[in-house]
Structure formats: C-alpha cells, structure tokens
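Here's a quick briefing to read with the model open beside you.

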Amino acid sequence: MMDVLSALAERVDIVDDTTSSADLVDRLVSLGPREEPLHLVELDTVVKRHYDWLRHLPRVRPFYAIKSNDEAPIVETTILLDCGFDCASKAEVQRMLEFGVAPERIIFAQPIKTIESLEFARENKIRTVFDNEAELRKIQQYYPGAEVLIRYRFDSRQAKIQLGVKFGCNPDKEANDLLDLAKELGINVIGWCFNVGSGCSDVEIFYEAIQAGRRITDYASSIGFNFWFIDLGGGFNGNKSTDIGSYAVHINRALDEFFPEDQKWFVIAEPGRFYCAAAHTAVIPVHGKRVFRNLNNPSQVEKIFYYFNDGMYGTFYSAKYRNMPVKPIVWKNRADCGPEYSTFLYGPTCDGSDCFAQNILLPELQISDFLVFENQGAYSKVNACRFNGFCFPKSVVFVRRSIWKLLEKTATSKTPNEIVLASQFLQNTYQLGALEYR
C-alpha cells in the first residue's frame, strides 16, 4: 500500500481544506487557453463517495469498475480505500495484479472472454462469469477449476444504456438450463450477477433483480449447487446530486428479505460512475466562434457556433452517444453576460458530427472565454482518441490536506473503527458543492 501511496503522491497537488472547487477552476482558467483541454480532478470526491457507500450499504463491498475511469490517480485512490475491482479484460486484470491487488479482490466480469484471457485467469485464480452455453463449454475446456457466476438479464426501465441487449441470460428458464449444463460439465457455479444498465434512475429495480436472484439460488440449490457469492453489478448514477441512499433503501430491503446476513453471503457491487463521475470537471476555452444572423435583419442573431479543443473524441462521447446532455457553466461574472442565444458546441476535429450540444441557450461568449462542465469523470477520457491528431484531455489532480491524511492512514492500517471514524469525519468536513456562474 505504501508503494501505491508514494506513486499517488507524485501525481497530486495537496491543497488546504478551505480551497473550494471554484478556487481550483480559477487556477486552471488562469493558465489561459491551451492546446490541450484540461480536467480538474478532485480525489476528495472519490473518498467521500466511498465512505457514503460504506455508510449506506454496509453489507455490499464495492468492486470499482475500472472501465469507467482507469486513470492512475483514481485507481490508486480506490486501492488505498481497499476496494475490490471489476475488470473487463486481461489487461485490466493484469494491471490490478501488478498493483498487488489480491486475486480474491478481482472479478473478471466480462461474460465473453478470449481463450488467452481465460488461461490467464486460470493461472491467477480469478473468478469470472458466464451467460451462455458456448462460454460455459469454453470455461470447461480452458479453465475447468474456475469459480464462476451466472449472469442474468435484468434491465432498468430508465437506464441510459441497456446492457441486456448484449449480455445476460433470461433469469427464468434459460438460467435453469444453463445451471443444469454447468452441473453436467462439472463447473463450480458459486453465485450470480446482473447489471441493470448504465446510469439507472429507477432505483427500485434492484429489489426486483435481487428477488430474481433468490429464485435462481433456490433452483441452483435444488440441483446441488451451494451459492454464496452475490454480485449486484453497476448502474449507479454518479453526478454531484446523486444520493446512494436512494439505491440503498431497496438493496438493503431485498438483501434482508431474500439473503439474510446470518447466512454468510458475500455480497459485492460494481460501482464505477458513482465513484468517479463527479471527480472530474472539464475546463475548456472557446477557440473559435461563428455567428449566424438573420439575412433580413443583420442585428438579429439566430444562432452561434463555438469551437473547442475538446469534443466527442475527447471528453464528450457520452453527450453525443449516451443520452447524457451537458450542462455548461459560463465561467464569467453574471454582470458580463448578456442575452442568451441558440448555441451549438463543436469539438476540434474535421468531423462535421463532432457536435456535443445543440440548441442550448447561452449568453454570447468571446474567444478565450471558458466553459466548465461538471460530472465528466465517467466514460469520458477512457473513450478519447487522437483522431485528427488533437490532444487527449490532461488531468490536473488535487486533494485536500485532511483527505490526504486519511489516505495516508488507510495505507498503513485498516480496522473497522478507522472506517467508522473516517465516515464521521467526512460528514463534518467541507462539502464539494455544485459550481455556479461566478
């Protein structure tokens, strides 16, 4: 753990507890327009979210979903917090092992794995999942001693992305048939998992999904399996306004009703967005501008295009393709803001579809003015590429001094009492509030 702490120390700027998020935005804005877009990263958010999780979901161990944000400072912070890890590829599994994470703290939650990755999982005794017959037979051939989970489909009605269209068996007859086959093949199925979809807002769906897991567990018991591992998957929102307590009400009720604690169930979930989304704030300058005026009345502005050094090939993939519209904050005094106009926000590439907001209302901006976008830590930079040769967003990472001291403590010792004390401390410290117009 000390090695992880030392590596993290080289990546962060430790600031006073009195430093606000707005103060940090001002720091980046003061650098002026740059070739590369900037992300303000506040590790405090990750730590606070972790202890919020522990307070509200004491039975559910968080296995951070690396795919949501794989940047070293975020991953190293979750390691120091003693999270487990949801990995989607051999490379992600290998990376966590190289960090010194124990195999039992890793779930290879990819339902469809390459033969090479299965063999790697076998060599390192990593648990994995399946959702179809072909994968079961592949596991029997290349990882016959695996401990595996059956993944069933249980889509949220209001998820931003429906994952069940690609992964997950039917939780009724198909699940039973697959368990029958697993028994025949001698595969050790130890439990189940599901994923309600990315960005789930109908929180009661978790109760229904866990209830379906009870039916699967009962059938598995009837044919000789001994389930003990439960994986509630991901789907938790992560914006600054997210309250994990709204999910916890339904999860805790379902666990108490269907999987009582006295039966020693090992329960995990795979939060990604919840941990990292609010940790990143994109701070980007206006590099170009085009004003469209009414041909018959040139004094009337019909719409304005702005061009930035960041777009759908950088931070704003989700705004373009995942039904997650941006809410830009104009980083200037309200007194300097005039009337609002129909506004379009474009990225820097030559792709005409590189537009991440259309017909939104903003006051008129000038070249080198800044827009600020909160909640950009999940599924943003991980999707970025160098199309047209433009720069990846650069992270500038901060942590408040009291939070850093807490991370130092967790690097050397972990006891339940320390977790309780940290939880109480974080309830009383500063709040990372939403940003507003200056």
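This is a predicted model: local features need pLDDT of at least 70, side-chain atom pairs count only at pLDDT 80 or more; totals for chains, interfaces and linings use all residues.

Which residue in β14 is the bridge partner of I304? It's T343, and that contact belongs to a parallel pairing of β12 with β14 over four bridges. Residues are numbered from 1 along each chain as its sequence is written, and side-chain values use heavy atoms, with hydrogens and water left out.

**The barrel**

- Eight strands form a closed barrel with parallel pairing, in the order β3-β4-β5-β6-β7-β8-β9-β10.
- On the terms: strands (E, at least two residues) and helices (H or I, at least four residues) are DSSP runs numbered from the N terminus, and two strands pair if DSSP finds at least two bridges between them.
- Zooming in on one pairing, β5 (residues 106-108) and β6 (residues 127-130) run parallel and are joined by two bridges, with F108 partnered by T128 in β6.

- All five of the five residues of β2 (residues 38-42) are buried, so the strand is largely enclosed by the rest of the structure; buried means under 20% relative accessible area, exposed over 50% and partly exposed in between, using a 1.4 Å probe and protein chains only.
- In a regular strand, side chains alternate between the two faces of the sheet.
- In β2, L38, L40 and E42 point one way while H39 and V41 point the other, and all are buried.
- β2 pairs antiparallel with β11 over four bridges, and H39 stands opposite A282 there.
- β2 also pairs with β17 (residues 394-400), this time in the parallel sense over five bridges, and E42 has F398 as its bridge partner in β17.

**β11 and β12**

- Seven bridges join β11 (residues 280-293) to β12, and the two run antiparallel.
- Within that pairing, R293 stands opposite V301 in β12.

**Aromatic rings**

- There are 29 aromatic pairs, counting rings of Phe, Tyr and Trp (its six-membered ring) with centres within 6.5 Å; planes under 30 degrees apart count as stacked, over 60 as edge-to-face and the rest as tilted.
- F305 and F344 make a tilted pair, because their ring centres are 5.0 Å apart and their planes sit at 55 degrees.
- F305 lies in β12 (residues 301-308) and F344 in β14 (residues 340-346), so the pair ties together parts that are 39 residues apart in sequence.

**Cavities**

- The count comes to four cavities of 30 Å³ or more; a cavity is a set of points, on a 1 Å grid over the protein atoms alone, where a 1.4 Å probe fits but cannot get out, and lining residues have an atom within 4 Å of a point.
- The largest cavity holds about 100 Å³ of space, where a volume is the space filled by probe spheres set on grid points joined across faces, edges and corners.
- Of the 18 residues lining the largest cavity, the closest to its centre are Y313, G314, P348, F390 and C391.
- That lining divides into eleven nonpolar, four polar and three charged residues; Ala, Val, Leu, Ile, Met, Phe, Trp, Tyr, Cys and Pro count as nonpolar, Asp, Glu, Lys and Arg as charged, and the others, Gly among them, as polar.

**Loop spots to check**

- G238 sits in the loop between β9 (229-231) and α10 (244-258) and is buried at a relative accessible area of 0%.
- G238 and G377 are 139 residues apart in sequence, yet 9.0 Å apart in space, C-alpha to C-alpha.
- K125 has a positive phi near 55 degrees despite not being glycine; K125 lies in the loop between α6 (115-124) and β6 and is exposed at 66% relative accessibility.
- N375 is another non-glycine residue with positive phi, near 60 degrees; N375 is found in the loop between β16 (370-373) and β17 and counts as partly exposed at 21% relative accessibility.

Technical notes
On a 1 Å grid over the protein atoms alone, a cavity is a set of points where a 1.4 Å probe fits but cannot get out, and a pocket is an open set with protein on both sides within 12 Å along at least five of seven lines; lining residues have an atom within 4 Å of a point.
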